[in-house]
Amino acid sequence: MKRITLALGAALTAATMSALPAPGAAEASPAIQASPASPATHTAQRAGADRVQVTNGCLRSVPDPGTTAKVKICYTIFKPATASRHHRVPFLMHSHGWGGSRTTDPQGFRHFLDAGYGVLSFDQRGFGASGGHAYVENPDVEGHDVRRLVHLISTLKWVEQDGPGDPRLGAIGGSYGGGYQFLGAFEELRVKGTPVFDALAPEITWYDLDQSLAPEKVVRTAWASALSAASVPTDALPPNVYAALVEGAATGMWPDGSVPGEEDMPAFFRKNGPKWHVDHGRRLDIPMLFGQGTTDSLFPLQQGLANWKHSITAGARRRSIFVAYNGGHVLPAVLPQGVSVTSDPCSKALAGGDFEHLSIRFFDEQLKGRDTGLHGYGRYHLATPDSTCTTVDSVKADAAYDVGTVATTETGGAPLSYKVADGPIRVAGAPYLTGDLTALGANNRAFYGLAVGTSPADAHLVQDNVLPLNELAPVTGEKRRIALPSVAVDVPAGQSLFVLASPVSDTFVGMGSRTPGAVVLDNTVVHLPVVGR
């Protein structure tokens with residue numbers, strides 16, 4: 001499981017990102033000069049374990065847009081001691097999160113290697129020892145990088161093959177390291193008619209990158225600043241994209257090309273995620289182990305749910321598992337006040353360990369054809385703030401609660417909570433609001449989420465997430481549907497579930513309304529996915 005924390009400066013123009021151990025957690029690696037024709041190879045001895053052959057190298061991929069020089073993409077290959085030309089093994093690809101670099105120490109993949117998997121970890125374009133700029137998993141750029149690495153893997157004589165150019169292949173990695181997995185499988189499907197990848201285990205990644213960074217065109221300021229800052233050490237981003245992220249964080253307006261000379265960020269990110277492929281009629285018919293963070297405020301739970309619903313076929317869902325844990329890209333939830341928790345009870349319930357152990361069980365079944373007794377296929381397994389695991393077959397809102405009027409001030413003020421239902425009640429899935437909206441200012445904004453407490457005064461935000469309303473023009477009594485963050489929570493007896501409305505959010509710093517006033521929802525109905533009705 002990956003939990004990313006962010007330290008913000010007063011102006012939110014710099015950020016420091018760090019990760020707790022995750023499958024193949026990225027580490028810094030020195031520049032590597034080896035070429036595919038003459039890779040640098042050595043054998044590593046792990047204490048108490050078999051010897052692992054480690055090969056460092058680089059290949060050449062397509063030039064950055066507007067340039068002519070091919071870009072080097074550097075990698076490290078780990079060959080387990082059990083692998084040979086006569087005993088071929090399945091293979092796993094891995095890559096790092098944004099701002100990171102590949103893993104070069106076999107200890108980072110100890111459990112996967114001990115389980116008999118070969119591994120390739122690579123520096124994505126713009127990071128580590130690789131060259132070029134990051135085009136954020138664009139099929140026309142990074143798509144070529146992943147496909148060339150897959151071809152390289154297909155030439156390894158000790159890797160199990162399903163056919164010419166088709167290795168028995170899975171993939172691991174979180175965040176940006178989950179994005180390449182969808183990119184690679186969808187691009188192989190688009191170009192070859194088959195995804196080539198046989199199973200994926202993407203963590204804390206996105207479905208729609210534009211909506212992740214700026215839901216309803218309201219910029220997640222903290223994360224736009226963090227992504228910009230993390231790209232500086234290696235000059236990873238193209239200058240115009242870096243400038244646009246900084247501009248969006250500073251102005252609160254997502255640059256969309258509507259102003260002459262302004263970068264068009266929706267156009268830049270249009271192809272950069274599963275949504276583009278799905279919009280073009282492509283879905284992946286391969287099993288996946290989804291890991292998503294319930295407290296993730298960059299790629300929140302609903303991004304994972306969207307991938308489950310749209311990116312894979314119905315048949316693939318029956319062979320897939322969805323796990324949500326308390327973690328991911330996490331900010332301190334101060335305003336509105338949340339509850340900090342890091343836990344992964346569902347992986348423990350399913351596999352007796354963490355997400356890495358669950359991944360090995362999953363790949364053993366999907367890539368090796370072994371029956372490990374793993375259960376939970378075709379279902380959602382969602383962690384609660386109390387570190388229990390709630391398993392459901394559907395995340396659809398199936399219950400409606402009349403709340404009346406939900407109002408919040410604009411530009412400033414304290415969050416307000418409105419009672420929805422008394423406990424005990426269990427909610428797991430994707431809730432939303434409906435109501436008649438009145439907001440008489442310009443560029444009206446408010447932030448909504450669910451909260452739990454004994455009263456409105458002590459209600460705390462569930463799993464630390466809010467989602468914005470963004471109304472550019474005055475409205476009076478117009479019907480609206482407003483998404484609430486997807487959650488899993490048990491509300492005990494003696495406490496109540498509230499809908500929280502706030503004029504500000506520390507995830508969306510500076511993104512509140514531009515004129516004073518109020519955002520009022522009359523005839524408000526809260527639609528909840530209630531478990532056990």
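Is Asp436 buried or exposed? In this predicted model, Asp436 has a relative accessible area of 15% and is therefore buried, the limit for that class being under 20%. The residue belongs to strand β20, which spans residues 432–439. Its side chain makes a polar contact of 2.6 Å with the side chain of Asn523. Beyond residues up to four places away in sequence, Asp436 touches Gly477, Glu478 and Lys479, as well as Val520, Leu521, Asp522 and Asn523.

Two disulfides were identified, and with bonded cysteines counted along the chain they follow the pattern 1-2, 3-4. In one of them, the sulfur atoms of Cys58 and Cys74 lie 2.1 Å apart. The link of Cys58 and Cys74 is right-handed, with 90° about the S-S bond. Because Cys58 is located in strand β4 (residues 51–61) and Cys74 in strand β5 (residues 71–79), this pair ties together parts that are 16 residues apart in sequence. Both Cys58 and Cys74 are buried.

A disulfide is also formed by Cys346 and Cys389, with a sulfur separation of 2.2 Å. The link of Cys346 and Cys389 is right-handed, at 110° about the S-S bond. Cys346 lies in helix α11 (residues 345–351) and Cys389 in strand β16 (residues 389–392), so the pair joins parts that are 43 residues apart in sequence. Cys346 is buried, at 0% relative accessible area, whereas Cys389 is partly exposed, at 27%.

The count of aromatic pairs comes to 22. Among them, Phe127 and Tyr176 have ring centres 6.1 Å apart and planes at 80°; the pair is therefore edge-to-face, the threshold for this class being over 60 degrees. Distant parts of the chain are linked by this pair, 49 residues apart: Phe127 occupies the loop between β7 (118–122) and α2, and Tyr176 is in helix α3 (residues 176–192). Phe127 is buried at 1% relative accessibility, and Tyr176 is buried at 2%. Ring pairs link Phe127 and Tyr176 with Trp98, Trp206 and Phe299 into a cluster.

Charged side chains also sit over aromatic rings. The charged end of Arg282 is positioned over the ring of Trp276, 5.3 Å from its centre, and Lys368 lies over the face of Tyr117, at 4.3 Å from the ring centre.

Helix α2 comprises 13 residues (142–154) and reaches 19 Å from its first C-alpha to its last, close to the expected 18 Å. Its buried residues are Glu142, Gly143, Asp145, Val146, Leu149, Val150, Leu152, Ile153 and Ser154.

Definitions and conventions: Residues numbered from 1 in each chain as written. Predicted model: local features only at pLDDT ≥ 70, side-chain atom pairs only at ≥ 80, totals over all residues. Heavy atoms only, no water. Helix = DSSP H or I, 4+ residues; strand = E, 2+ residues; numbered from the N terminus. Expected span 1.5 Å × (residues − 1). Buried < 20%, exposed > 50% of the residue type's maximum accessible area, 1.4 Å probe, protein only. Polar contact = N/O pair within 3.5 Å; in protein donor to acceptor, adjacent residues only side chain to side chain. Contact = heavy atoms within 4.5 Å. Phe/Tyr/Trp six-rings, centres within 6.5 Å; stacked < 30°, edge-to-face > 60°. Lys NZ or Arg CZ within 6 Å of the ring centre and 35° of its normal. Disulfide = S-S within 2.5 Å.
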